[in-house]
Amino acid sequence: MALIIICVMIMGCTFNFLDISNNVVTALIIPFILVMWFVSRLAETNRAPFDLAEGESELVSGFNIEYGGAIFAFLFIAEYGSILLMRLITRVLFFSGVFYSLGIFGVIKTILVAFVFL
């Protein structure tokens, strides 16, 4: 994932996310990089089809059957926290930066990215 972020920054010729999102040259290549980012993001957060940490036919409740109570809650809070972080990075890198999407359009973009991912 870091290589994809570095690739976007090199194509944008800057480390500023606002300049990257406004660069016309990177807008032609960004859809291909977005697909690579999406697949690596699915693998990083163990979403389908990359959820191979458990064998469905062998376990009753999954790989976290030995966790109970607070540890089980912390596990899922951390898992969904990483999903929210990946959603934020996706919106900042590929959907016109932070400052240009404050307001209702920023909320709509965030909801669409979350809908596609979850």
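The legends below describe close-up views of a predicted model of one protein chain.

Figure 1. Of the 118 residues in the protein chain, 26% are buried.

**Figure 2. Helix α1 has buried residues along one face.** Helix α1 covers residues 2–12. Its buried residues are Ile4, Val8, Met9 and Gly12. These buried residues line one face of the helix because, seen down the axis of α1, they fall within an arc of 135 degrees. Ala2, Leu3 and Ile10 are exposed and sit on the face of α1 turned away from the buried side.

**Figure 3. Cys13 follows helix α1.** The phi of Cys13 is positive, with a value near 60 degrees.

**Figure 4. Helices α4 and α5 cross each other.** Helix α4 spans residues 70–94 and helix α5 spans residues 104–117. Their axes come within 10 Å and cross at roughly 125 degrees. An angle over 145 degrees would count as roughly antiparallel, and 65 to 115 as roughly perpendicular; α4 and α5 are therefore oblique to each other. The crossing of α4 and α5 is right-handed.

**Figure 5. Residues of α4 and α5 make the contact between the two helices.** On α4, the contact is made by Ile83, Arg87, Thr90 and Arg91. On α5, Gly106, Lys109, Thr110, Val113, Ala114 and Phe117 take part.

Definitions and conventions:
Residues numbered from 1 in each chain as written. Predicted model: local features only at pLDDT ≥ 70, side-chain atom pairs only at ≥ 80, totals over all residues. Heavy atoms only, no water. Buried < 20%, exposed > 50% of the residue type's maximum accessible area, 1.4 Å probe, protein only. Helix = DSSP H or I, 4+ residues; strand = E, 2+ residues; numbered from the N terminus. Arc of directions from axis to C-beta. Axes fitted to C-alpha atoms, helices over the stretch in contact; angles between N-to-C directions. Parallel < 35°, antiparallel > 145°, perpendicular 65-115°, else oblique. Left-handed = near helix turned anticlockwise from the far one by under 90°. Contact = heavy atoms within 4.5 Å.
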